[in-house]
Amino acid sequence: MVPEIDVQLDQAVPDGIRLRIGDGPLAPALRRLARHPVARVVGRRLLLAVPLLLVVSASSFLLLSLTPGDAANQILGPHATAEQYASLRRALGLDLPVQEQYLHWLRHALTGDLGASVITGETVTRAIGERLAPTLSLIVGSLLVSVLVGVGLGLFSAIRGGRAGRLADALALAGYSVPAFWIGAELIVLFAVKLTWFPATGYVPVSHSPVDWLRSLVLPVAALSLYGIAAVARQTREAMLDVLASEHIRMARANGLPARSILFRHALRNASVPVVTVLGVVAVGLLGGTIFVENVFALPGLGVLVVNASLQGDLPVVQGVAVFFTLVVIVVNLAIDLAYTWLNPRVRVA
Amino acid sequence: MRWISTPTSSRTTGFDDPTGSLSQGKEFGVRRLLHLVAVAAAVSGLCFAATSSSAGSKPELRFASATAVTNLNPAIDIDTYVLALAYASLIHIRPDGSFAPALATSWRYVGSGNTTFELTLRKDARFSDGTPVDAQAVKKWLIYFSGEKGAFAKNIPFKTIQTVGRWKIVLHLSRAEPNLPFLLSEPFESGFIGSPRALSKPEQLKTHTFGAGPYMVDPSQTVPGDHYTFVPNPYYYDQSAIRFSKVTYRTIAQPTTLLAAVQTGQLDAGYGDLSTVAKAEAAGLKVVSAPIGWAGLLLLNRGPETEDGQANPLSKLPVRQALNYAVDRKTISKSLIGKYGSPTDEAPTLDGWNPEFSNLYAYDPAKAKQLLAAAGYPDGFTLKVLSMTFFGTLGDPLVQTIAKYFSAVGVKLDITPNASLNDWLPKYLGPDYQATGFTEGPVISAYTTYNNWYGPKAYVKHHGWSDPVLDKLYVDGARSKNPATNAKKMMARLVTQADEVIVSTSNSFWYVSKHLGGLAYSAASGYPYPTEWYPK
């Protein structure tokens, strides 16, 4: 009889869950992996993702079913008979009770089949796939800009203080105050219509032309990044001020360490933990921001897809995108946790 | 978004170390910031320097509207000016509303009574899958079309469809229909014929095209609901009419973004709206416009009782007349629509327009109060009203303005706004509301108007009543050789009965690049069809 070893993953799974690793050839490697702090973080996140996905999918299904109208209304418009509406509802399965519709969707979703749009007939996975690139480009681009400009502004403000610092603060605060859709429209007028530097609308796939891809992203990324820049700059400044006032920095200065080393090896690394936290929040916020920015710049992304699907009562698409966005949030949180473990050794030990 | 707070008790206000040993930090920070700016500027410059160009002897056509085309099946979708690219119609409607041969070279009513219609097909037309467009194919498609669930499916009351030889088809109708050439042309899609091969698997009609038009959709360059790319149909019977190497239709929901795209040359044409037309004109764009619709208040419940069992004021003619006298159409039309609308109390139709009835109810609040008092409502009443918020200027602002005028004669409007068609439609079809703000377009025939709203088999019997006089006018007119006579009488009847509170006509707008010609339309054609456009 092959003995089995219980490995309690206290840090990796919710209370009371035990994973049983057998005594096969992979068992030692699995045991090592189970004890690894990074694996614990990943395991915990992945296990928590399951109930989260269930809750999100069920609640989005319920919320959409509570709104007036449905896909039959959208398809037929106002000039149709009651019989036509009823017939189409039957054909689309919209006459079934909500829980039955949800369970039907769930059964298929568990096999990887997210269904097809009742409006376009396109499979949901294909619809998401087609629109993923613009949204991801937008989010990744905005995150990069938020980090580069936000950290830069935050550092500048913390280091310089005075008028220049206050100016940097003011710029960051402006980012909070200006809505992305408004600044987007203004950017179009200035940089697309008047200066003709960038296209006013649309998305060019990177495979078609990397340069045109970049051009198509400049204005939407600029509009979407403002909030992230403001958040990162404020957090960087606050964190840097705290760290720079701490004892170990005073000691470093007293020991004559070079300023660059103090700033980037000691101060910025310590200050980056709360900044990373903010980045996680910003990344999730960007998901929502894409809805407005994609709309203003007419980008064929997931934000526009889910808004249109909601307005049209296209349940399968709303469900699919909600699940996808939830997965993105889970991945972002996982990345943040991993970043913590890299930045802060105490997390690894814990 | 939440802030991640950090302790602030020991912070300094800047990196101003008392020893001064870190002064290099200032220089470094500035340098780094300048470096970042330089990199960003370089990227911008690189992007600016790059331009895209297109190859090919024929140019591309790019146009857009706010409408998200989501289904390419003409038996379901109603975006006729997009589908016309791929689906040739049996009869073509020219921009001025006259008819021209398309898949059918000739057509006529047979006998009297407008119940039999004969079409002779051209012999050289093929669908984009290569199948010939013959009488059997047309018959098969029309049977499919009329059995589908689309909004236009029941417009033509087919009884039987007969083929005579390979190129002739005879439509036998269950009731008289005097406007078949119109119904078989582009605006109603009934004349868009698809290949019989597609009907073996109709689901594919959603994402692929099977028409006999000049173009066909290229699914590999298409994102449903966002943009559709059409490429030339090698089987189109008039290759000289294919003037573009590629046609792209895009959905741009934001009117200002659409305008910017036309201004910057990203689009050759765009379907504009009231909110941007003044800017488009100021920017020097060519604006093509036609009076294709009307706006006002539809009175949904004219039955004797309201839903809660109370006497329904709208069942009384003097009350409806009072509501019509209560609104100052000239002021409303001028303030909301400007030069792109005209005040009217008659819904414009293609065949029933009566200029003498378009201002029957001149603004007269005193008379309105008098009529209300005479009808037993000296203190007015309250109406539950829907508003189509999603129509912009002709949504909430229109209903709120009407409400202000009604309020002056004692009639209060309890307004429910609706953000989307999906939100509005169930309430509109349900019994709870007595009126709705409404914008209709394109303009249609008086007979189709009757069939949609007033006849015994109307799509929406929102009035909860019947008018035997109107019914008789319809029946007699539909059978006559000169249906326009009764069309005018029908519309006059609707006005004198104060069936609605129509306020103004309204135009639609297209913004057109100077490089594009042929974009023209009228109330009769409803839309400009891109099959007519050409590069300049």
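**Reading a predicted two-chain model**

Tutor: Let's start with a bend: helix 8 of chain A has a kink of about 25°, centred on A:Ile188. Keep in mind that this is a predicted model.

Student: Okay. How many residues does helix 8 of chain A have, and how far does it reach?

Tutor: Helix 8 runs over residues 180-194 of chain A, so to speak a 15-residue stretch, and reaches 20 Å from its first C-alpha to its last, close to the 21 Å expected at 1.5 Å a residue.

Student: What should I look for in backbone angles?

Tutor: The general idea is that most residues other than glycine have a negative phi, and most peptide bonds are trans. Here, A:Thr196 has a positive phi near 50°, and this residue sits in the loop between helix 8 and helix 9 of chain A. B:Ala498 also has a positive phi, about 50°, without being a glycine; its loop lies between helix 14 (483-496) and strand 16 (500-512) of chain B.

Student: Is B:Ala498 buried or exposed?

Tutor: Buried, because B:Ala498 has 23 C-beta neighbours inside 10 Å and the cut-off is 20 or more. A:Thr196 has 13 other C-beta atoms within 10 Å, so it counts as partly exposed.

Student: And where is there a cis peptide bond?

Tutor: Between B:Gly441 and B:Pro442, with omega about 0°. B:Pro442 is in the loop that links strand 15 (435-440) to helix 12 (446-454) of chain B.

Student: How do I read a sheet?

Tutor: Strands of a sheet pair through backbone hydrogen bonds, parallel or antiparallel. In chain B, an open sheet of 4 strands has the order 4-5-7-6, with antiparallel pairing. Strand 4 (104-109) and strand 6 (158-164) each have a single partner strand, so one side of each is left without a neighbour in the sheet. Strand 4 and strand 5 of chain B pair over 5 bridges, and B:Arg108 stands opposite B:Glu118.

Student: Last one: which residues touch the most other members of the largest nonpolar core?

Tutor: In general, nonpolar side chains in soluble globular proteins tend to be buried together. In this core of 182 residues, A:Val321, B:Leu103 and B:Ile193 touch the most other members. Helix 9 of chain A gives the most to this core, 20 residues. The contacts of B:Ile193 include B:Leu103, B:Val133 and B:Trp141.

Methods. Residues are numbered from 1 along each chain as its sequence is written. Chains are lettered from A and ligands numbered from 1 in the order in which they are written. This is a predicted model: local features need pLDDT of at least 70, side-chain atom pairs count only at pLDDT 80 or more; totals for chains, interfaces and linings use all residues. Helices (H or I, at least four residues) and strands (E, at least two) are DSSP runs, numbered from the N terminus. The expected span of a helix is 1.5 Å times one less than its number of residues. The bend at a residue is the angle between axes fitted to the seven residues ending there and the seven starting there. Two strands pair if DSSP finds at least two bridges between them. A nonpolar core is a set of buried Ala, Val, Leu, Ile, Met, Phe, Trp, Tyr and Cys residues joined through C-beta atoms within 7 Å. A residue is buried if 20 or more other C-beta atoms lie within 10 Å of its own, exposed if 12 or fewer, and partly exposed in between; C-beta atoms are placed from the backbone. Two residues are in contact if their C-beta atoms, placed from the backbone, lie within 7 Å. Lists of a residue's contacts leave out its neighbours within four places in sequence.
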